[in-house]
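Keep the structure open while reading.

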Amino acid sequence: MPFPSLKSPVWSAGVTGKKRMRTPIGIHQRFPSPSRPAQISLTRTRSPRPMASAGTGAGDGAAAQPKAAISHVIFDMDGLLLDTEGFYTEVQEKILARYGKVFDWSLKAKMMGKKATESARIFVDECGLNGLLTPEEFLEERESMLQALFPSCTKLPGVLRLVHHLHANGIPMAVATGSHKRHFALKTQNHQEMFALMHHVVMGDDPEVKAGKPSPDIFLAAMRRFEGDIEPSKCLVFEDAPAGVAAAKNAGMSAVMVPDPRLDVSYQKGADQVLSSLLDFKPTEWGLPAFSI
């Protein structure tokens, strides 16, 4: 089935208080299920990494008491579903090299998950580039370099297995990404069948997202667009960025973190669980159906 255009006339249900309203696809995107499931393939692997904490028990059903009774799942996208974070790092390293500076992971941690304008300000301020490069100039240069890279992004390990498992068991899923519409289209153009399994997508330039992560806006907007009245405590967020984990916790939700191995462990403290890969996730630890294989 073709992936809906971001300019599609499709409409999807939103929630305002107790009343349901119809909102255009430009505000949030709801995808129809495909007529047949996508082929499961893991396109890129990550090396093992030390974690601050991980799931317990030898098997999927080993955890005696679930950490929480989860009914809905919300995924971040960049660095969690799709391997795009390396592109940002590559481009930002090139820009800084012109000024004789090095892009390090302490700066990366501060920028991850933020809206583009906010991350640009952080980049310029933290690198001492005021007077040399404006945030707007940084974004313009970065944009031209990223557009050529995004279409080649791949899925991260364990993503398809988990998404197909949750979909098969009727667990509603959404994506809450700081990416704006143009970047979202570039990144997802080769992954349409997977995103078709999501109930909806909320993007960083959505009108309801007044503030970027660590503000809870984007996760609360994603929660409100599920069917029915959902409590934050019933939502499990998957994130790779410290700001995203903080946003999930500020929204009153549980957070599983799958960080890059280069991210210092001090940035992992806020997560309810930290995994080296989505392949390590055990659904029963969160009151979700066990993997069948």
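How many residues does helix α4 have, and what distance does α4 reach from its first C-alpha to its last? Helix α4 covers residues 135-146, which is twelve residues, and reaches 16 Å. That is close to the 16 Å expected at 1.5 Å a residue. The expected span is 1.5 Å times one less than the number of residues. Helices are DSSP runs (H or I, at least four residues), numbered from the N terminus.

This is a predicted model: local features need pLDDT of at least 70, side-chain atom pairs count only at pLDDT 80 or more, and totals for chains, interfaces and linings use all residues. Residues are numbered from 1 along each chain as its sequence is written, and side-chain values use heavy atoms, without hydrogens and water.

Buried means under 20% relative accessible area, exposed over 50%, partly exposed in between (1.4 Å probe, protein chains only).

| Class in α4 | Residues |
|---|---|
| Buried (under 20%) | F138, R142, E143, L146 |
| Exposed (over 50%) | E136, E140, S144 |

The buried residues of α4 fall within an arc of 130° seen down the axis, so they line one face. The arc is taken from the directions from the helix axis to the C-beta atoms. Their cover includes α1 (85-97) and α6 (181-188).

The largest nonpolar core has 54 residues. Such a core joins buried Ala, Val, Leu, Ile, Met, Phe, Trp, Tyr and Cys through side-chain atoms within 4.5 Å. V73, F75, L81, F123, F238 and F281 touch the most other members.

Disulfides, pairs of cysteine sulfur atoms within 2.5 Å, come to zero.

Note on methods. Helix = DSSP H or I, 4+ residues; strand = E, 2+ residues; numbered from the N terminus. Contact = heavy atoms within 4.5 Å.
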